[in-house]
Amino acid sequence: MLGLPLAFAAPAVLAALAGLPLLYYLLRVTPPRPQEIPFPPLKLVLDLIPERQTPNRTPWPILLLRLLIAACVILAMAGPVLNPAPIAAGAGPLVVVVDDGWPAAPDWERRVEAAAQRLEAAARAGRPAAVAVPSDGGRAIATSEAGAARDRLRALKPLPYTPDRLALAGALKTFVAERPDASIVWIADGVERGSASAFAAGLAALGRPLEIVTGSAPARAIAGAQNLAAGLEARVLRSALGGPGQGVARALDARGAALGEAPFDFAGKTETRATFDLPAELRNEISRIEIEGARSAGAVALLYERGSRRSGGLVSGEGADRSQPLLAANYYLRKALAPFADLREPRPGTVDPVESLLRDGVSILILADVGSLSGQAHDALRRFVEAGGVLLRFAGTRLAAGTDDLIPVRLRRGGRVLGGSMSWDAPKHLAPFDRSSPFFGLAAPDEVTVSRQVLAEPDPGLPGKTWAQLSDGTPLVTASRMGEGMIVLFHVTADTAWSNLPLSGLFVDMLRRIVDLSGNGAKGAGDETQRAAGGEQKGAAGDEMKSAAGEEPKSLAPLRTLDGFGVLGAPPASARPVPAGFEGPPDADHPPGFYGLASAPSAVNAMTQGETLAAANLAGAGVTPGVLRAAEPVDLQPFLLAAAFLLFCLDWLASLSLSGGARLRRAGKAGALAASLVAAMALAALFAPRSAFCEPAPAARRAGTVQGTPPVAARDVESALSTRLAYVVTGDAKADEASRQGLTSLSHALARRTSLTPGEPAAVDPARDELSFYPLLYWPIVAGRPQPPQETAARISAFMKQGGTVIFDTRDALTARPDGAPSPETLWLRQLLAGVDVPELAPVPADHVATKTFYLIDGFIGRYAGGVTWIEALPPAPADGSARPARSGDGVSPIVITSNDLAAGWASDGRGESLYALTPGGARQHELALRGGVNLVMYALTGNYKADQVHVRDLLERLAH
């Protein structure tokens, strides 16, 4: 604030100071102490006049002492807080430069507070001020009064990239030339990214008073991740030594659910690795890796469909009795594919190896010299490719003599052999890869030679199907699309019989790019659900294969982007599409995030693979950087209370002295010892370290910067020991009472009808209370209430990502119109959810698992029956009418939105009758409302348990093999 630095938490208590004059008059009069007059009468006469006279008024030192005690107590109860601010030296304008890249995000609130205190100090000195950030570029710097500068400061947010500071250096130079009396404060992020060292040297060259403040801990980031055979490995960096040397990296899926954690230890270095030891299927579900507690875009690595570890099947045409393990084609393929794919082979003795592998749900099937397929296996393989799978074939004697039509081009019989009638005189080398080929960019080594191959017929369109060719122009690798999938053929064997290609690193790189074209969703034939899941990704695979087949790569539109704190959300208006294959570095037009198709997006990260994170060299500025430490407010209450205790002890000793020496002697050593103890306690309270506020800010609690943990509330202990439903306290008495009554009635119904016996529902404040204890949170929307604090959105998002389900009830089914303007409740909810990570929603379909978790119901009704209930959208149903594919994870929607006033529909009295008038009404509606509530609770607790029952037959069949 721009006023006095002294503030009071309860200023109304200061009104008690007006009573000090009255206390003054009350303390002035001291009644005489009763005198003891001994017998006999003679002694009575002698002692009528006492030796010591008792004054009829309180001595003024005692009176002043007691007034001071009362004043100290009154001021202490008012909660005085001293808000010191740094002194702004100089008389000219003050320019506060705040780095707004992602390295500043972890302690952004402290940076803003430090800048705000310097602006307030400048305002007290009557100095104009300006706030500049590197993202302003070369924009002219204009000063204003401190209030306007502070408003701009509060509106700033960290960016998900690191803007270059050199353009801002030019603007500062122009400003200083116009205002030579200016001084500069630079709140730096301490990272070299964005030309920090050159910027520091430029500030020093200006010759103006300069203060540099940096964070106390180095920035941390993730620079790429690799899905290796041993696990998913993330490269973790820090900008300098110091700060926490250990940490935890968390892996999340697309819905934000945690899949695993990996600890890491820098061990005195600036780079380390975090490895997630998870099955390949779970690793393929990972969409995001983040450093716990880092809270920045750089501490997040987004993974995408191409980064998943593919599962492939391998079938060799060579008989087991003739195979040589270290020279066979499957040996070379296993070695080449091991770094980026999990290869499965049929068990020995399998009658139908192709169908067996397709039933396992592979995304790419490799046939090494397989000439002919049975009719059933041929049909299953065709369906696999048409559904989006990739078939990779290698030539050989069997293929050259076969009649199989699952090949990209027509082949000549017999093949081309070195020294034969259709041969060349010497082995041929590879030609450079064409720009339209997926192998473009790979180097063709001269040592790779081919001595034999199968030839393709020179049909029209052959050049468009050729991905690699020999120096004489004959195709070496051809490909063509079939349905939504692709068939790729190497015109040589996978072993060294026809060429030495399998011995080169080029062979590994070529296989990697082919595997990248395969989708995780392509499933085997014979399982309708698996085929439907394969069709779910056919659009993405088709677009990738179109580009690989020779079409120009398309630009990818932004889907969801990261903000500076590492939170995914809607892309900003400034975001532009990126070209296919774009990996960074990000900028204002291309912020980090997901781009392209929602089913198979591409990822752009704040830190690219192999990038380093170096500390800024600020020595060129000639100023020793200070540590970012905002001047913290001081709570004066303990000082005032300690002073009151000390004054009280003095008053006690003075009263004993005035009562007479004999009485003071009777107090003896015990009284002196007690006085000493009280004085010692007062001094201890005076000098004991204490924060100005009893409860730390939520951001500090999440960041783990608070020393000590507050005691666990009794309600949290009870919630941890028993399952309880919860509702949000809105501040509207009627809505809160309806929520309590509704959830109480629903809890009783669950106890009577199911095996669940929940505790009494809990009333929570999402901005302050811990939500992780509750599986289901009911939030009635009251349009007239103010929006909750800003951090509430992050807490709700975290609750949803950790497996919780929130039911938002707008309760406006009677007033909302489908084609009309949004109701006030809907607008209030939209504003709340603007900062919440909400998945795609759709009206609850009739076949949704939530409609059959306990009761078979048609929908979810409450006090009203005409509203629409929204839930997370399911994958689209297959066109052939088969069952929807099973969703990975537990399948629970993190959010449900309704307008039917569910809690009022659940609420009932002791006789089971509804407490509220229902529309259209009747006991049947109340019963259906309770059944819907039971289903929602069972849905939140059991996930896709009911959906899994659909696949029991297929699972049993698979286990039988």
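Where is Asp 901 found? We come back to that residue in point 6, after a short tour of the chain.

1. **What you are looking at.** This is a predicted model, in which local features need pLDDT of at least 70 and side-chain atom pairs count only at pLDDT 80 or more, while totals for chains, interfaces and linings use all residues. Residues are numbered from 1 along each chain as its sequence is written, and side-chain values use heavy atoms, with hydrogens and water left out.

2. **The chain as a whole.** The protein chain holds 26 helices and 39 strands; these are DSSP runs numbered from the N terminus, helices being H or I with at least four residues and strands being E with at least two. Of its 961 residues, 46% are buried, where buried means under 20% relative accessible area, exposed over 50% and partly exposed in between (1.4 Å probe, protein chains only). Among contacts with a separation of 6 or more, 75% are between residues 24 or more positions apart; a contact means heavy atoms within 4.5 Å. The accessible surface is about 45,600 Å², and carbon and sulfur atoms account for 57% of it.

3. **Two helix pairs to compare.** Start with helix H4 (residues 108-124) and helix H5 (residues 146-155), whose axes come within 9 Å and cross at roughly 175 degrees. Axes here are lines fitted to C-alpha atoms, for helices over the stretch in contact, and angles run from 0 to 180 degrees between N-to-C directions. H4 and H5 are therefore roughly antiparallel. In this contact, the residues of H4 include Val 112, Glu 113 and Leu 119, and those of H5 include Arg 150, Leu 153 and Arg 154. The contact divides into 8 nonpolar, no polar and 4 charged residues. Now turn to helix H9 (residues 329-337) and helix H13 (residues 505-517), which pack at about 75 degrees with axes 9 Å apart. That makes H9 and H13 roughly perpendicular; the class covers 65 to 115 degrees, with under 35 roughly parallel, over 145 roughly antiparallel and the rest oblique. Tyr 332, Leu 333, Ala 336 and Leu 337 of H9 meet Phe 507, Val 508, Leu 511 and Val 515 of H13. Here the residues are 8 nonpolar, no polar and no charged. For these counts, Ala, Val, Leu, Ile, Met, Phe, Trp, Tyr, Cys and Pro are nonpolar, Asp, Glu, Lys and Arg charged, and the others, Gly among them, polar.

4. **Val 95.** Strand E3 (residues 94-98) is the place of Val 95, and this residue counts as buried because its relative accessibility is 1%. Not counting residues up to four places away in sequence, Val 95 touches several residues, including Ala 130, Leu 172, Phe 175 and Ile 184. Its C-alpha atom is separated by 8.3 Å from that of Trp 186, 91 residues apart along the chain.

5. **Asp 253.** In the loop between strand E9 (246-252) and strand E10 (258-265) you will find Asp 253. At 14% relative accessibility, Asp 253 counts as buried. Its side chain reaches the backbone nitrogen of Ala 257 at 2.8 Å. Beyond its neighbours within four places in sequence, Asp 253 is in contact with Leu 259, Glu 285 and Ser 287.

6. **Backbone details worth a look.** Asp 901 is found in the loop between strand E39 (895-898) and H23. Although not a glycine, Asp 901 has a positive phi of about 55 degrees. Asp 901 is buried, with a relative accessible area of 7%. A cis peptide bond, with omega about 10 degrees, joins Thr 919 and Pro 920.

Key: Accessible areas come from the Shrake-Rupley method with a 1.4 Å probe; for residues, only the protein chains shown count as cover. A polar contact is a pair of N or O atoms within 3.5 Å; within protein, one must be able to donate a hydrogen and the other to accept it, and residues adjacent in sequence count only if both atoms are side-chain atoms.
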